[in-house]
Amino acid sequence: MKTRAPKAVLYDPELRSVMVRALYGTPLAIPVGMAIATTVIAACAGITGDLNFALLSAAMGLIGAFRLVAQYLYRRRQSSISTVAFERLAYAGAWATAFTMSCFGAYAVTAHADDRIATLAVAQTIGYIAGIAGRNSSRPFISNVQVTFAALPFAGALIASQIPAFVVIAGALLMTAMLTISSSNVIHRVFVSNFLKTRDLQTMATTDSITLLLNRRGFIVEVEKRLASRERVHILSVDVDDFKKINDTLGHDVGDALLSEVALRIASALAPCDKAARIGGDEFMIACGRASDEVATLAARIVDLFEEPVSIANATLSVSVSIGVTNATGESVERALKHSDLALYKAKFEGKNRWLSYAPEMSEAYDNRVRLEKDLSKAITDNQMTLHYQAIYNLRGRTIIMCEGLLRWNHPTRGLISPSDFIPLAEQNGFIKILGAYAIEQALTDAMTWPEPIGVNVNVSAKQFHRDHDLVGIIQDALRRTAVAPHRLTMEVTETTLAEDKDFVIETLHRIRALGVKIALDDFGTGYSSLSYFAELPIDLLKIDRAFVGSIAISSKAKSLMKAITGLAGDLNVPMVVEGVETPEQFDAVTRFKPHGIQGFLLARPLPKDAIDLIIDRRVALPAVDRPAPSVAHQDRSSAA
Ligand code: C2E
Ligand code: CA
Ligand code: CA
């Protein structure tokens with residue numbers, strides 16, 4: 001195996017600190033080794049009464065004490081001594097020991113050649129050299145000098161004694177020393193090259209290949225390290241708004257280039273105490289080591305950095321990010337990441353392009369959502385879902401022209417839950433497909449009992465338009481099964497439907513229309529691009545949002561807008577229904593525009609099937625607009641204004 005340890009890597013601080021750690025890594029070796037050496041030399045002094053042995057023994061004891069203090073300081077790591085200084089202390093201690101040991105051997109074979117003491121010294125010194133070879137062989141510099149110091153004076157004295165057995169021992173000793181030096185060089189090279197390879201692998205495993213920031217794993221390690229050393233740390237979850245749309249429409253190359261640009265912008269706002277990572281997809285995270293108020297400044301700065309559009313491959317993209325921030329100090333990593341994600345979720349929910357700090361209420365709301373989500377999956381099978389109907393009246397005849405089906409969830413412990421609370425949840429976890437199919441089935445089943453001219457409207461969520469979901473098939477089956485004439489069914493969609501897979505949505509709407517079913521554009525006037533959808537969508541009915549109707553009786557601006565919309569709808573030959581008419585004043589103001597239909601609490605609230613049946617059967621008087629709506633129209637608890 002070819003191994004290489006370029007000189008420069010020895011100055012790599014990480015490698016160096018690993019190697020120094022190895023020097024102090026066997027805490028018992030120094031006290032035991034030094035105690036044996038000191039005792040053996042002291043024993044020689046005792047046996048022979050030679051003062052020089054006593055001096056050598058004292059020197060060995062002192063060196064041992066020095067090495068023990070160095071080891072103690074290193075292990076406590078509380079001193080201000082650097083790694084390099086500790087390395088030098090280790091060198092000095094080892095070399096001094098080797099030299100003293102060799103002097104002991106040399107003196108013993110010179111001054112006591114005929115004593116058994118000489119044998120003792122030979123055994124001790126050779127044993128010592130063998131010991132060094134094992135312990136320090138990964139550090140050639142230290143062990144080579146050590147072996148040389150230990151072998152040379154001693155071998156010199158053995159040869160000088162001219163005793164044949166000693167000369168042979170000297171030859172063997174020098175050979176052993178040379179072999180030790182060469183094998184220790186090889187071991188060292190293998191050690192360094194393995195260290196570098198392992199580190200490369202570790203770097204690869206913790207780096208994101210697109211942005212070269214840390215990846216999720218590396219980020220968690222980083223945060224864990226900071227938390228373990230009780231450092232102050234805030235986590236920022238940064239998410240690119242509507243990234244999926246960019247990726248889907250402009251392709252993955254543009255998506256990747258955008259991620260790199262986002263990474264660069266984020267990095268430009270960071271200080272040395274901050275560390276950024278791409279956690280996955282379009283989500284980035286930052287571990288920030290600054291004080292709380294500076295963290296807020298950082299979050300605001302990153303949001304601002306995206307005011308400038310991003311240029312990629314001749315295209316200019318307007319990009320924004322949302323950020324969730326949490327103080328992770330003293331938390332577990334999992335909790336901290338969850339908290340910053342909850343804050344991010346809320347920032348998105350509140351309109352994106354902003355940052356928010358985590359608050360405990362977010363966790364409560366999340367737990368609530370999780371519980372509700374669990375219950376939701378049982379709601380249909382346990383018959384907790386029903387459809388209520390709100391009548392939509394024709395102006396001239398004052399008769400019901402259609403009824404809008406609105407979902408109600410009768411929760412066993414929480415009572416009636418509003419669709420505004422559970423529809424977004426169902427949209428998130430995909431359950432909306434089952435819920436939507438239920439609404440279509442139920443609406444058509446209920447409409448079977450109504451007289452022919454009365455239509456039924458069903459709301460459809462954007463999430464029901466999915467390539468792996470057969471919405472058209474579901475509608476077709478329900479129509480076939482109930483034998484309700486297709487023209488009596490209207491599907492209500494909002495402009496958010498077009499946000500994701502526009503071409504597919506438009507194609508699906510055409511296929512629904514081909515069945516003979518009508519399409520209504522719901523909540524018109526709330527979106528910002530409403531008008532453009534006129535041209536793109538196959539629309540049979542326009543439903544003007546109630547937010548817009550709220551001010552019509554008092555605001556001349558609202559009146560002018562209404563006039564413009566009415567004109568447009570008239571030109572395009574699309575009938576209009578005005579939603580949310582609550583007062584006789586609004587009713588008066590609205591009727592002047594001669595809409596096709598009017599819907600609102602003034603005329604009827606959403607009602608259970610049997611209550612709407614009573615109105616349809618005319619067994620209950622028609623609501624009059626110039627007096628309060630009949631009491632039956634107030635049964636629906638969840639819609640209380
Ligand atoms: P939407 O489609 O705009 O439905 C009309 C909402 O306005 C209903 O709220 C209705 O009760 C309320 N409303 C009607 N007239 C008045 C009025 O005069 N004043 C006031 N303040 N409100 C009025 P609801 O039933 O709580 O439904 C809320 C939303 O939930 C619906 O808004 C719709 O977006 C969604 N939704 C309901 N059922 C379904 C469904 O089966 N599928 C889907 N995808 N969404 C549904
Ligand atoms: Ca609707
Ligand atoms: Ca609506």
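Me: Where does Asp-523 sit relative to ligand 1?
Reply: A polar side-chain atom of Asp-523 lies 3.2 Å from an oxygen atom of ligand 1. This is a predicted model, in which local features need pLDDT of at least 70 and side-chain atom pairs count only at pLDDT 80 or more, while totals for chains, interfaces and linings use all residues. Residues are numbered from 1 along each chain as its sequence is written, chains are lettered from A and ligands numbered from 1 in the order in which they are written, and side-chain values use heavy atoms, with hydrogens and water left out.

Me: And which atom of ligand 1 is 2.5 Å from the side chain of Glu-582?
Reply: A nitrogen atom of ligand 1 is at that distance from an N or O atom in the Glu-582 side chain, and an oxygen atom of ligand 1 lies 2.8 Å from a backbone N or O atom of Phe-601.

Me: How much of the accessible area of ligand 1 does the protein cover?
Reply: On its own ligand 1 has 800 Å² of accessible area, and the protein covers 86% of that (areas come from the Shrake-Rupley method with a 1.4 Å probe; for residues, only the protein chains shown count as cover).

Me: Which residues come nearest to ligand 1?
Reply: Of the 24 residues around ligand 1, those are Gln-390, Arg-408, Asp-522, Glu-582 and Phe-601, where a residue is near if one of its heavy atoms lies within 4 Å. Strand β9 gives the largest share of this shell, four residues.

Me: Switching topic, which residues are the protein donors of the calcium ion (ligand 2)?
Reply: They are Glu-404 (OE), Asn-459 (OD1), Glu-492 (OE) and Asp-522 (OD), lying 2.1 to 2.3 Å from the ion. Donors are N, O and S atoms within 2.8 Å of the metal (3.2 Å for Na, K and Ca), and water is not among the atoms, so sites may look incomplete.

Me: Is Glu-404 buried or exposed?
Reply: Glu-404 is buried, with a relative accessible area of 3%, whereas Asn-459, at 27%, counts as partly exposed. Buried means under 20% relative accessible area, exposed over 50%, and partly exposed in between (1.4 Å probe, protein chains only).

Me: What does Asp-522 bridge?
Reply: Asp-522 bridges the calcium ion (ligand 2) and the calcium ion (ligand 3), which lie 3.8 Å apart.

Conventions
A polar contact is a pair of N or O atoms within 3.5 Å; within protein, one must be able to donate a hydrogen and the other to accept it, and residues adjacent in sequence count only if both atoms are side-chain atoms. Helices (H or I, at least four residues) and strands (E, at least two) are DSSP runs, numbered from the N terminus.
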